[in-house]
Amino acid sequence: MPYINISTSAKIEDKKKLLNEISILVASLTNKSKKFVMAKLDDNSEIFFEDESPCCFLEIKSIGSLNPSEMAKPISNFVFEKMGIPIDKIYISFVDLPASMWAWNGRTFG
C-alpha cells in the first residue's frame with residue numbers, strides 16, 4: 001500500500017531498475033511487503049527549482065508506517081546515488097492516509 005511518485009527533471013536510463021530499487025527501499029523503511037509498494041516515475045519533466053539544474057520531487061503515501069524524520073535521509077541519499085541529484089535539490093512529501101481513504105482489490109483497508 002505504500003505509493004511513491006517520483007518527478008524529476010533528470011533523464012533516467014533504466015527506469016524499471018530504479019523503480020524496483022526504490023520499491024525495495026520504501027518497503028524496508030515502512031516495514032511493508034514489496035509486493036504492495038506501487039512506484040511511479042516521471043522523468044525528463046519540466047521542473048524548475050532555483051535554477052535549471054536537475055531536481056526531484058517525491059511524494060510518499062501510506063497508511064501509517066511513515067516516519068519522515070528517519071526516512072528523509074536514506075531516500076535523499078538514494079536519489080543522489082542513483083540519479084545524481086544533489087540532496088539540496090530534492091523535496092519529499094510524506095502523506096499518512098487513513099485506512100478508510102485507501103482501497104485495493106475493490107475495498108478499502110478500513
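Which residues of E1 sit on one side and which on the other, and are they buried or exposed? Tyr3, Asn5 and Ser7 are on one side, Ile4, Ile6 and Thr8 are on the other, and all are buried, so both faces of E1 are covered. By buried I mean under 20% relative accessible area; exposed is over 50%, and partly exposed is in between, with a 1.4 Å probe and protein chains only. Six of the six residues of E1 are buried, so E1 is largely enclosed by the rest of the structure.

Quick housekeeping. This is a predicted model, so to speak: local features need pLDDT of at least 70, side-chain atom pairs count only at pLDDT 80 or more, and totals for chains, interfaces and linings use all residues. Residues are numbered from 1 along each chain as its sequence is written, and side-chain values use heavy atoms, with hydrogens and water left out.

Okay, the sheet. Four strands make an open sheet, ordered E2-E1-E3-E4, with mixed pairing. The edges are E2 (38-42) and E4 (90-96), each pairing on one side only. On average, neighbouring strands are turned by 10° against each other, ignoring direction. Strands here are DSSP E runs of at least two residues, helices are H or I runs of at least four, both numbered from the N terminus, and two strands pair if DSSP finds at least two bridges between them.

E1 and E2 run parallel, joined by five bridges, and isoleucine 4 stands opposite alanine 39 in E2. E3 (residues 56-62) and E4 are parallel too, with seven bridges, and there phenylalanine 57 faces tyrosine 91 in E4.

Now the helices. H1 (residues 15-30) packs on the sheet, touching E1 (3-8) and E2, and its direction makes about 135° with that of E2. H2 (residues 68-83) also packs on the sheet, touching E1, E3 and E4, at about 140° to the direction of E4. Those angles run from 0 to 180 degrees between N-to-C directions, using lines fitted to C-alpha atoms, for helices over the stretch in contact. Contact, by the way, is heavy atoms within 4.5 Å.

Let's zoom in on two residues. Cysteine 56, in E3, is buried at 3% relative accessibility. Leaving aside neighbours within four places in sequence, cysteine 56 has contacts including Ile6, Thr8, Val79 and Tyr91. Cysteine 56 and tyrosine 91 are 35 residues apart in sequence, yet 6.4 Å apart C-alpha to C-alpha. Threonine 8, in E1, is buried with a relative accessible area of 0%. Not counting residues up to four places away in sequence, threonine 8 touches Leu41, Asn44, Cys56 and Met83, among others.

Where are the positive ones I picked out? Glutamate 50 has a phi of about 75°; this residue is in the loop between E2 and E3 and counts as exposed, at 64% relative accessibility. Serine 65 has a phi near 65°, lies in the loop between E3 and H2, and is partly exposed at 36%.
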